[in-house]
Amino acid sequence: MTGQELLDAVKGNLGDRQSGRIGSLPTDTAIMVAINRAVNRILKKYRPQGLQETISQAITTATYIYAPPSPTIVGRRIRDIINARMILSGETTGTILVQLMKQALIEVYPNMDSSRTEKPRFFTKWAGKYEYYGWPNDNYAVYFFCNLWPADITVAATGTDLGVDWDETIEAFATFHCFAKLQQTQDAQAWYGIFRNSQTAALGELRDQPAMVLDGNLRDLVGGDRIPTSDARDPFVRSL
């Protein structure tokens with residue numbers, strides 16, 4: 001559904017509310033707030049591929065503190081970082097950066113200045129900035145593999161970042177939220193039950209989708225030690 005279609009659907013569930021207020025907000029505004037809360041509620045249990053992105057950041061020998069990188073779509077925010085890879089110009093594989101807490105890094109690097117440089121091995125988020133340890137000894141590109149929070153849905157939105165499979169779930173939660181604000185307890189409870197059932201069904205469909213299966217051993221594909229497959233651990237299989 002578009003933003004306007006979600007708004008109309010929730011308004012229809014609430015009955016004849018073409019004018020008036022829900023709580024302290026005008027009806028349409030309150031419904032859009034509820035729709036965005038619905039999306040954030042669903043995202044507590046679900047990380048869609050449409051909200052995954054590789055975000056790059058350039059670091060230099062000049063400093064170890066940088067503003068946080070931004071997603072390519074305005075309004076989206078980094079939710080969490082799955083992995084961080086740092087690559088020097090000319091490299092093909094790069095180095096994995098380990099994220100640690102600020103306190104742990106201070107214990108290892110009590111003083112940070114350009115007189116002691118090295119290839120960074122760690123990073124942390126502190127006071128709204130990203131810090132790399134130790135002090136960079138060259139110019140690098142860092143690639144963050146991130147899950148994102150979506151931009152807010154507006155009436156003009158052509159759809160949601162969750163996809164059409166979640167439209168009914170979003171509608172149900174937003175309707176529940178509005179009825180709760182109106183202190184119509186029975187209607188709120190009924191729509192919360194609809195939301196829970198819809199969410200369970202949507203998550204169940206995701207779990208039923210087949211996962212990618214590698215035929216063989218992962219480390220055989222990238223080199224290194226052998227990882228036994230289930231067949232390799234089976235005493236009745238003599239060879240692979």
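Is K119 buried, exposed or partly exposed? Select K119: the residue is partly exposed, with a relative accessible area of 30%. Buried here means under 20% relative accessible area, exposed means over 50%, and partly exposed is in between (1.4 Å probe, protein chains only).

Before moving on, some ground rules. This is a predicted model, in which local features need pLDDT of at least 70 and side-chain atom pairs count only at pLDDT 80 or more, while totals for chains, interfaces and linings use all residues. Residues are numbered from 1 along each chain as its sequence is written, and side-chain values use heavy atoms, with hydrogens and water left out.

**Stop 1: the salt bridges**

The term means a side-chain nitrogen of Lys or Arg within 4 Å of a carboxyl oxygen of Asp or Glu. Helices (H or I, at least four residues) and strands (E, at least two) are DSSP runs, numbered from the N terminus. E91 is partly exposed, at 30% relative accessibility.

Next, select E118 and R121. Their side chains form a salt bridge at 3.7 Å, N to O. E118 is partly exposed at 28%, and R121 is partly exposed at 45%.

Now go to K11 and D28. Here the closest N and O atoms of the salt bridge are 2.7 Å apart. K11 lies in helix α1 and D28 in helix α2, so the pair ties together parts that are 17 residues apart in sequence. K11 counts as buried, at 12% relative accessibility. D28 counts as partly exposed, at 34%. In the whole structure, a search finds six salt bridges.

**Stop 2: the antiparallel sheet**

Select β3, β12, β5 and β6. These four strands form an open sheet in that order, with antiparallel pairing. Two strands pair if DSSP finds at least two bridges between them. The edge strands are β3 and β6 (95-96), each of which pairs on one side only.

Walk across the sheet:

- β3 to β12: eight bridges, antiparallel. I55 stands opposite F144 in β12.
- β5 to β12: 10 bridges, antiparallel. M86 stands opposite V142 in β12.
- β5 to β6: two bridges, antiparallel. R85 stands opposite I96 in β6.

Then pick G90. The hairpin of β5 and β6 has six residues between the strands, and G90 in this hairpin takes a positive phi near 100°.

**Stop 3: the mixed sheet**

Select β4, β10, β9 and β7. They form an open sheet in that order, and the pairing is mixed. β4 (65-66) and β7 (98-99) stand at the edges with a single partner strand each, so one side of each is left without a neighbour in the sheet. β4 and β10 pair in the antiparallel sense over two bridges. Pick I65: its bridge partner in β10 is E131.

**Stop 4: the nonpolar cores**

Show Y132, F144 and I170. Of the 48 residues in the largest nonpolar core, these touch the most other members. A nonpolar core is a set of buried Ala, Val, Leu, Ile, Met, Phe, Trp, Tyr and Cys residues joined through side-chain atoms within 4.5 Å. Elements that each supply at least two residues of this core include α1 (3-14), α2 (27-43), β5 (77-88), β12 (140-149) and α5 (185-208). α2 gives the most, with nine residues.

Centre on F144. Leaving aside neighbours within four places in sequence, F144 is in contact (heavy atoms within 4.5 Å) with residues including I55, P69, I81, F123, Y130 and Y132.

**Stop 5: the cysteines and a glycine**

Select C146 and C178. C146 is buried, with a relative accessible area of 2%. C178 is buried too, at 1%. A search of the whole structure finds zero disulfides (pairs of cysteine sulfur atoms within 2.5 Å).

Finish at G23, in the loop between β1 (21-22) and β2 (25-26). G23 is exposed, with a relative accessible area of 52%. G23 and L182 are 159 residues apart in sequence and 6.6 Å apart in space, C-alpha to C-alpha.
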